[in-house]
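Here is a short report on one protein chain. Keep the sequence and the 3D view open as you read.

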Amino acid sequence: TTGPNRTWIQVDQGGVDLDNAFLATVNALTTPSTGVVHRDLPAALDGSMGAQVTRAMSTISLGGLPGDMTGPTGWDNGIGIMRVSGYTASLEAEAGESVAAMPLSAAVTGGTLQYWNGTGYTSVDLRTSVVGAAARAFTVALDHSRTIDGKTVRIVMTGSFRSGGVTTTSVPVGASTLRTAAIAQALPPLIGTLNYKLFIGPTTESEHDQADVTIAVDLATATAAASYTPAPGAGS
């Protein structure tokens, strides 16, 4: 089932009402993302074009337990199996002709990733100044059972994810006052898949598969890019 800013499973099967279990929730965004394009025209030069992008992201949580099902010790159902919060990125790219060095930069300026490690949550600071540009890869797993209304309720979640850093590209490489292209990117803060299974069955019989859902998650790449082609007759 889907609704405003969330996707969830309605759990009321076999005489067991467990309330909703969220697959994904997205909080309201309070700080907008922005994009600005500008042109500089220094005397006697073609000039340059630049792009500036700031990205702000809502808090996103994945893989919650049903509302009436107590989680394992250390579990926070507001976080679920993972959460990204406070993510912000700043990008700037400029290409063309310039007297002074043109900017080209990419940075994740804020953000925290939390994911279930089996006994609690691992917290990762996503800022570029802390983690650098390399992507982080991790897996999540939860196999949790409770007896409710005389029946075994079991939730199994498994997932493989990575969280990206930033990249910058200059053409030619290393150019600062004469560039034909410049690209600054913040790679997805979260990309991967999560499988969510729900079983309900009598305690004396085999469990019954009630839900088997795979969610593909891609929080997308943010890009600021600029390109430049010399004016006809330039340099002749």
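## A hairpin to start with

Six residues form the link in a hairpin that joins β7 to β8. The two strands run antiparallel, and 10 bridges hold the pairing between them. One place to look is Met82, which stands opposite Tyr115 in β8. Remember that this model is predicted.

Ser85 also sits in strand β7. Its relative accessible area is 19%, so Ser85 is buried, since the cut-off is under 20%. Leaving aside neighbours within four places in sequence, Ser85 is in contact with Thr59, Gly111 and Thr112.

## The next strand along

β8 has another partner. Five bridges join β8 to strand β9, residues 121-125, and these strands run antiparallel. Gln114 has Ser123 in β9 as its bridge partner.

β8 and β9 also form a hairpin, this time with four residues between them. Look at Gly118 in that turn: its phi is positive, about 110°.

## Aromatic pairs

How many aromatic pairs does a search of the whole structure find? The search finds five. Take Trp75 and Trp116. Their ring centres lie 5.2 Å apart and their planes meet at 70°, so the pair is edge-to-face; planes over 60 degrees apart get that label. This pair links distant parts of the chain, 41 residues apart. Trp75 is in the loop between β6 (60-62) and β7 (82-97), while Trp116 is in strand β8, residues 104-116.

Are these two tryptophans buried or exposed? Trp75 is buried, with a relative accessible area of 13%. Trp116 is buried as well, at 2% relative accessibility. Trp75 and Trp116 belong to one aromatic cluster with Tyr121.

Now compare another pair. The rings of Phe138 and Phe161 have centres 6.0 Å apart and planes at 20°, so this pair is stacked; the label applies to planes under 30 degrees apart. Phe138 lies in strand β10 (residues 136-148) and Phe161 in strand β11 (residues 151-163), so the pair ties together parts that are 23 residues apart in sequence. Phe138 is buried at 8% relative accessible area. Phe161 is buried too, at 3%.

## The nonpolar core

In soluble globular proteins, nonpolar side chains tend to be buried together. Here, the largest nonpolar core has 52 residues. Which residues have the most contacts inside it? They are Leu62, Ile81, Met82, Met157, Phe161 and Leu190. Strand β7 gives the most to this core, with seven residues.

Two names on that list have come up before. Met82 is the residue opposite Tyr115. Phe161 is the ring stacked with Phe138. Leaving aside neighbours within four places in sequence, Phe161 is in contact with residues including Leu62, Met82, Phe138, Leu190 and Val217. Arg136, Ala137 and Val140 are also among its contacts.

The mean pLDDT of the chain is 88. Of its residues, 86% reach 70 or more. Which element has the lowest mean pLDDT, and which the highest? Strand β1 (residues 2-3) has the lowest, at 50. Strand β14 (residues 181-186) has the highest, at 98. Where pLDDT is low, the predicted coordinates should not be read in detail.

Terms used. Residues are numbered from 1 along each chain as its sequence is written. This is a predicted model: local features need pLDDT of at least 70, side-chain atom pairs count only at pLDDT 80 or more; totals for chains, interfaces and linings use all residues. Side-chain values use heavy atoms; hydrogens and water are left out. Rings of Phe, Tyr and Trp (its six-membered ring) pair if their centres lie within 6.5 Å; planes under 30 degrees apart count as stacked, over 60 as edge-to-face and the rest as tilted. Buried means under 20% relative accessible area, exposed over 50%, partly exposed in between (1.4 Å probe, protein chains only). Two strands pair if DSSP finds at least two bridges between them. A nonpolar core is a set of buried Ala, Val, Leu, Ile, Met, Phe, Trp, Tyr and Cys residues joined through side-chain atoms within 4.5 Å. Contact means heavy atoms within 4.5 Å. pLDDT is the predictor's confidence in each residue, from 0 to 100.
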